[in-house]
Amino acid sequence: MLYLFGFERIGVAVSDIYFVDPHPGQGQEGAERGVRLELRRLEQGELKGSIYSARPITVERPLWRVDLLESVSGTPGSFDRTHHHPGMDGWEPGRRVFDHELSGEPLRWLGERLADLEGVLKEVGADPGEVSPSDVTGLRERAPEIVETVGRLLERVRAGAVAAPDDAATATSVRASWL
């Protein structure tokens, strides 16, 4: 499942994810599942036909990532693998950063961060010129809707409706997700 909220130059992509790291860090062994959110650059393409034609839209590189993950073998609602990546190197995420506030109240934390795009950009070292004033306003206004969407998707993950590949029992390395 993929949700995309688009503004002028940035968008927020939200997807369920099931992940087994072939080289996990200590304490990070085993499958993880949950919801991934990425702040992404958006590019509007030129019309390919008449004024009525569909416009190409490109979802570009990520600026920031939040993973609301739990270990599959753990307690639902524990958010024991929840983290964010305040740094991206092109398409690659920086290190996982675990934050007690994020794990304690992930949806509140996420809502506060989405409502402060300027603060997020400063933290990740992104050029503030990459976004427009309408991106800042739009994201602030839509943050509650995005958080609600994340919450609904987390419920579907916990219900087993999404974020579980068919061969999960035998997988040693897998990633099932749009993001």
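Accessible areas here come from the Shrake-Rupley method with a 1.4 Å probe, and for residues only the protein chains shown count as cover. With that in hand, hello everyone: the protein chain exposes about 9,600 Å², and carbon and sulfur atoms supply 50% of that area.

A word on the ground rules. This is a predicted model, where local features need pLDDT of at least 70 and side-chain atom pairs count only at pLDDT 80 or more, while totals for chains, interfaces and linings use all residues. Residues are numbered from 1 along each chain as its sequence is written, and side-chain values use heavy atoms, leaving out hydrogens and water.

Now the overall fold. Four helices and eight strands make up the count for the protein chain; these are DSSP runs numbered from the N terminus, with helices being H or I of at least four residues and strands E of at least two. Along the sequence the pattern reads β-β-β-β-β-β-β-α-α-α-α-β. The radius of gyration is 17 Å, close to the 16 Å that the globule rule gives for 179 residues, so the chain is as compact as a globular protein of that length. That radius is taken over C-alpha atoms, and the rule is 2.2 Å times the number of residues to the power 0.38. Of the 179 residues, 44% count as buried, meaning under 20% relative accessible area, with exposed over 50% and partly exposed in between (1.4 Å probe, protein chains only).

What sits in the middle of the largest nonpolar core, touching the most other members? Leu 39, Trp 64, Leu 110 and Leu 114 do, out of 38 residues. Such a core is a set of buried Ala, Val, Leu, Ile, Met, Phe, Trp, Tyr and Cys residues joined through side-chain atoms within 4.5 Å. Elements giving two or more residues include strand E3 (32–44) and helix H4 (133–158), and H4 gives the most, with nine. Leu 39 has contacts (heavy atoms within 4.5 Å) that include Val 12, Trp 64, Leu 121 and Leu 139.

Let me show you two more residues.

Finally, Phe 79 lies in the loop between E4 and strand E5 (83–85). Phe 79 has a positive phi of about 50° although it is not a glycine, and at 10% relative accessibility it counts as buried.

Definitions and conventions:
Lists of a residue's contacts leave out its neighbours within four places in sequence.
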